[in-house]
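Welcome! Please open the structure in your viewer and get ready to select a few side chains, one stop at a time.

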Amino acid sequence: MTTPDPEGLLAEQLLRLTRRVHRIQKRHLERRDLGITPAQSRLLRTLAHFGSPPRMADLAERLEVVPRAVTSLVDGLEASGRVRRVPDPANRRVIRIEVTDEGRKALRELREARRSAAEEILAPLTADQRTLLRGLLDTLIDGDVNGAAEGRC
């Protein structure tokens, strides 16, 4: 009889946790009735991290998706008044995407939904366990045993 592969079990646990996190976040988003899909939420959060309105290509690169996918997401967010397309002041052929006041309001709601989802997920942990988990997650997110951090959004 063979012994189970601990790394295989750990990988399965991580995948199960990821699915649980997505389910819980989706439920918290739906409770707030924002009418925003998880993909639109991610795009809106990503937009908020740019210093100035980005081009669609910049968004696609940051989100690691094809530009066509960004166009669909922007269309939906624009229809709901959360973002708008604006011409680049230096090159009117270039279109940039900016967050509107309605989009900033949605971002605040999204932040609260994410916080409440995180609190639900972390509820079984003690303060010490949360501190330990925070350190472990930082190591995994950085992905570098030498501690060099990659860009995040």
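Before the first stop, one definition: buried means under 20% relative accessible area, exposed means over 50%, and partly exposed lies in between (1.4 Å probe, protein chains only). This is a predicted model, where local features need pLDDT of at least 70, side-chain atom pairs count only at pLDDT 80 or more, and totals for chains, interfaces and linings use all residues. Residues are numbered from 1 along each chain as its sequence is written, and side-chain values use heavy atoms, leaving out hydrogens and water.

Our theme is the salt bridge: a side-chain nitrogen of Lys or Arg within 4 Å of a carboxyl oxygen of Asp or Glu. By that rule, the model has eleven salt bridges.

Start by selecting Arg 19 and Glu 12. Their side chains form a salt bridge, 3.6 Å from N to O. Arg 19 is partly exposed at 45% relative accessibility, and Glu 12 is partly exposed too, at 37%.

Next, select Glu 98 and Arg 84. How far apart are the closest N and O atoms of this salt bridge? They are 2.5 Å apart. Glu 98 sits in strand β2 (residues 95-99) and Arg 84 in strand β1 (residues 83-87), so the pair ties together parts 14 residues apart in sequence. Strands here are DSSP runs of E with at least two residues, helices are runs of H or I with at least four, and both are numbered from the N terminus. Glu 98 is partly exposed at 22%, as is Arg 84 at 38%.

Now move to helix α5 (residues 101-122), which holds both Glu 112 and Arg 115, three residues apart, about one turn of the helix. Their side chains meet in a salt bridge of 2.9 Å, N to O.

Finally, select Asp 75, Glu 78 and Arg 85: salt bridges with shared partners join these residues into one network.
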